[in-house]
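Biologist: I am new to this structure. Please take a close look at a single part for me, and say what surrounds it.

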Protein chains: 4
Amino acid sequence: MELKDVQSLYDPREISIDKVGIKGIRYPVSVLDKRRGVQHTVAEINMYVDLPREFKGTHMSRFIEILNEFREEIYIKNIPFILDRMREKLSAKVAHLEISFPYFLKKEAPVTQAPSLMEYQCFISGAKSEEELDIVLGVRVPVMTVCPCSQAISEIGAHNQRGEVTLKVRFKRFVWLEELIEIVEASASSPVYPLLKRPDEKYVTEWAHQRPRFVEDVVREVGRRLLDHPDIIWFAVSAENLESIHAHNAYAYLERWKD
Amino acid sequence: MELKDVQSLYDPREISIDKVGIKGIRYPVSVLDKRRGVQHTVAEINMYVDLPREFKGTHMSRFIEILNEFREEIYIKNIPFILDRMREKLSAKVAHLEISFPYFLKKEAPVTQAPSLMEYQCFISGAKSEEELDIVLGVRVPVMTVCPCSQAISEIGAHNQRGEVTLKVRFKRFVWLEELIEIVEASASSPVYPLLKRPDEKYVTEWAHQRPRFVEDVVREVGRRLLDHPDIIWFAVSAENLESIHAHNAYAYLERWKD
Amino acid sequence: MELKDVQSLYDPREISIDKVGIKGIRYPVSVLDKRRGVQHTVAEINMYVDLPREFKGTHMSRFIEILNEFREEIYIKNIPFILDRMREKLSAKVAHLEISFPYFLKKEAPVTQAPSLMEYQCFISGAKSEEELDIVLGVRVPVMTVCPCSQAISEIGAHNQRGEVTLKVRFKRFVWLEELIEIVEASASSPVYPLLKRPDEKYVTEWAHQRPRFVEDVVREVGRRLLDHPDIIWFAVSAENLESIHAHNAYAYLERWKD
Amino acid sequence: MELKDVQSLYDPREISIDKVGIKGIRYPVSVLDKRRGVQHTVAEINMYVDLPREFKGTHMSRFIEILNEFREEIYIKNIPFILDRMREKLSAKVAHLEISFPYFLKKEAPVTQAPSLMEYQCFISGAKSEEELDIVLGVRVPVMTVCPCSQAISEIGAHNQRGEVTLKVRFKRFVWLEELIEIVEASASSPVYPLLKRPDEKYVTEWAHQRPRFVEDVVREVGRRLLDHPDIIWFAVSAENLESIHAHNAYAYLERWKD
């Protein structure tokens, strides 16, 4: 029996669509890990293509088929090939891929060197047409920030809090997620750690209080490092403090094209 | 034309169901406010009844009709009437109602007395059968906590953070949401505020550092006050710290029936 | 006692920041309602300004003070005044304001005309500098979509599902949220309703099955109407189906500047 | 230098605490897979112990150390050992462990047998004291449901939607997650699939329309199977429909101790 291909029908409205595809599918993927080679994790994935004005719809199942083809090899270096496969298989001019996943790094406590695993949410997004390839790499890094104002005006202590820094970059030459994470952690009052014994807690508290930072300072510190980085051509960094003295957040955002 | 009433059909599986109803409907409601009389807000509501073994289904649209009947009068004092109406209109033995909503209180900064509005997420849930009525009142209160361990071992500062305390109570006599909120705020290192000018920030920082509290301290401080409270017969309190030195949270939970 | 103004210190890094401010504050606001005049609701608000390179930080408490000034009058028509007040009070060149809130409209069931209240999440964002004002108005509208492919190939039924359509517009002359909502609801297989009695459920089911729509159809139907709309100068519309045959969503996105 | 052990101080309030520990930590774990042996995934973990009245606090870092000890062996069969380790290392009477993680199964399309990976969110929680061990196993399964009422009263089609079924069980003898998932999928109008080609979509649509199910039917169908299951001693099942004709959900909940 022949089943009608409704999607391939002519569409009389003649409006092309920027992005059509699937959103929010979860999938096991492998990510290249600077230290250990390959890391297994679970990604949330969006896949879109453009739709020319003459067609009624996209064949959504083909996105899943492409995921299945690349399953164990969804590395950053393969993104252009996945995008090309999407363009080919869906007869599209532009393909878009967005992947986010938890990524774990071994982290040692600063004094006792007790090891543990720290999670960072990471992002990769790619768009590709015949002429152009655009890749953005991103990390979300939890940090500690001590408030410079509170410290300057108080006789005891200073309010501090967990902050979340989101950094996205475009690059000339490949940059490791590990390097982006290091840049962010060096830009806050202190990194955070899963495992801190008492001597570590003392160290982190004191270290952070010697480096008080507003959200403004955090994005500038990240910016300063990236403006100097030879492989980065664009970045966008936001810092959001879960303020300990408020129920709302403090926020700063900095974006730059270098050239 | 007569439309078939599928829900009223006999169900041969003979399994009664504990709760059937609607979940996650958003609705504008009015809440009695200790200071100003009535406060307009937006609630998320769940409504369930039991379903006897002999019926195939519940008539879901009747829940919405009941909401519409009580619309401007969804006060705590009306909960028993709403529950009775549910039991009657849906021919049920037991009715359940869960309401959560943001609630705003005027809050003055501790030194400058600059006023602002502070949001607290509140909960009311009720269950009623022929013989029994059970009402639980709850608040979620953001607070500030300073770590006693970090303070004791560090030479400068102490890590502190935003925490969230959730308190639920059963009572003999009506208790205001305002009173529950006050009890929680007094049990932490400090309340948090939407608006703090510099002298206020200095005051809050110093006040909090003079009252360091673990999550364990916070639930015990709340517990101590409620064990002494003549109108409370049960409580459950949890404290969750958005730890500034970790990406995970510290948590404590305390529950007691008094008698 | 004089408290040091750390924020006003000179910053030697000389990096200006695009946006600095507060994020995620919840606040009771009033919104102009086409039918009833004024509607009380609860908003989530972000407020940002740019920060010149020479200053270390922004005075975050001033954002809250501005919210307090405008509290009962956070109407769309007041957005430019709020933005100007932000620029003035924070000595900034550009101010940004983002507001999202649940908005309720009376909705009648299509046959029985049983009335109920339907919630729509709405958005307003504004940015203003000396030279430019940019306002975007948005709505998120839940709809029903019946799959044209499933209907064409199946001998019985067709899969259908709840979808969420997000529409944002820029305009020459003020457009009511109500009008945007109507445009979206007319573009799907059917609107959804809080309250449907049996004759209404029959009507909605049949109505929707006579108007099968892919996500691609939904964004094109919205697009077609807005391309013809004299007051709209830009729009971005996304349709996301909570597919009933998959655990992931189908998605389409269409954006246009007109002329 | 000796650092003060604040947590071990005597607490004069003399209130024991039900649960103290860490919440929301993310961690890579391995899960036993019925078909393939071992599956790598990422879990969110909560770990609590009770705190006797005489101690001021718990040593939170020890939870992380225990996680690290068991890292590659967080299997269901190891839960009692992890709980004992928690009791020992934290000098506690009762230990609690809650783990949730995405779990992937190969799923073939019903006609073309095209393979793909389907994600199920799974839960394991355990509590252990000297005398008692309590383990609960759970799965959340997306399904498709066709409304029996809409089908009976409409001349064309029937509204249907994605539903989410959450099943938790206590057991006498070990039960595979795969078996729980199969029971749920057989109890709905149809399973959902990541990948369906046109003949599959036709099949699923028709299959589901021949098995219309309310949320009430779904929990009863699951209940019927579990009441007959020799290894299950308790279950709680909820079904929640993302109704395609409403913006709110339909919900049913059924819980039973067998004996």
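Modeller: In chain A, the C-alpha centres of domain 1 and domain 2 lie 29 Å apart. Domain 1 covers 17-106 and domain 2 covers 132-259. These bounds come from an automatic or database domain assignment. The contact between them takes twelve residues from domain 1 of chain A and eight from domain 2 of chain A. Contact here means heavy atoms within 4.5 Å.

A word on the ground rules. This is a predicted model, in which local features need pLDDT of at least 70, side-chain atom pairs count only at pLDDT 80 or more, and totals for chains, interfaces and linings use all residues. Residues are numbered from 1 along each chain as its sequence is written, chains are lettered from A and ligands numbered from 1 in the order in which they are written, and side-chain values use heavy atoms, without hydrogens and water.

Now to the space between the domains. The largest cavity has a volume of about 110 Å³. A cavity is a set of points, on a 1 Å grid over the protein atoms alone, where a 1.4 Å probe fits but cannot get out; lining residues have an atom within 4 Å of a point. Points are joined across faces, edges and corners, and the volume is the space filled by probe spheres set on them.

Thirteen is the size of the lining: of these 13 residues, V31(A), L32(A), I76(A), F174(A) and W176(A) lie nearest the centre of the largest cavity. Three elements of chain A give two or more residues each: β1 (17-33), β3 (95-108) and α4 (177-187). Helices (H or I, at least four residues) and strands (E, at least two) are DSSP runs, numbered from the N terminus. Why does this cavity lie between domain 1 and domain 2 of chain A? Because both domains give residues to its lining.

The lining is sorted by class. It has eleven nonpolar, no polar and two charged residues. Nonpolar means Ala, Val, Leu, Ile, Met, Phe, Trp, Tyr, Cys and Pro; charged means Asp, Glu, Lys and Arg; the others, Gly among them, are polar.

Next, chain C. Chain A can be laid on chain C with an RMSD of 0.1 Å, by a turn of 180° and a shift of 0.0 Å along the axis. That is the relation of a two-fold axis. The copies are superposed by least squares on the C-alpha atoms of residues with pLDDT of at least 70 in both. The same surface serves both copies, as 100% of the contact residues of chain A recur in chain C.

Chain C lines the second largest cavity, with V31(C), L32(C), Y75(C), I76(C), K77(C), F174(C), W176(C) and L177(C). This cavity holds about 80 Å³ of space. Domain 1 (17-106) and domain 2 (132-259) of chain C each give at least three residues to the lining. By class, that lining has seven nonpolar, no polar and one charged residues. The structure holds eight cavities of 30 Å³ or more.

Pockets come next. A pocket is an open set of points with protein on both sides within 12 Å along at least five of seven lines. The largest pocket has about 1200 Å³ of space. It is lined by 25 residues, and K19(B), E98(B), S125(B), K168(B) and Y253(D) lie nearest its centre. Chain B gives two or more residues from each of β2 (37-51), β3 (95-108), β4 (115-128), β5 (133-146) and β6 (160-171), as does chain D from β9 (249-257). Ten of the lining residues are nonpolar, six polar and nine charged.

Last, one residue back in chain A. S91(A) sits in the loop between α2 (79-89) and β3 of chain A. Phi of S91(A) is near 50°, a positive value in a residue other than glycine. Is S91(A) buried or exposed? At 57% relative accessibility, S91(A) counts as exposed. The cut-offs are under 20% relative accessible area for buried, over 50% for exposed and partly exposed in between (1.4 Å probe, protein chains only).
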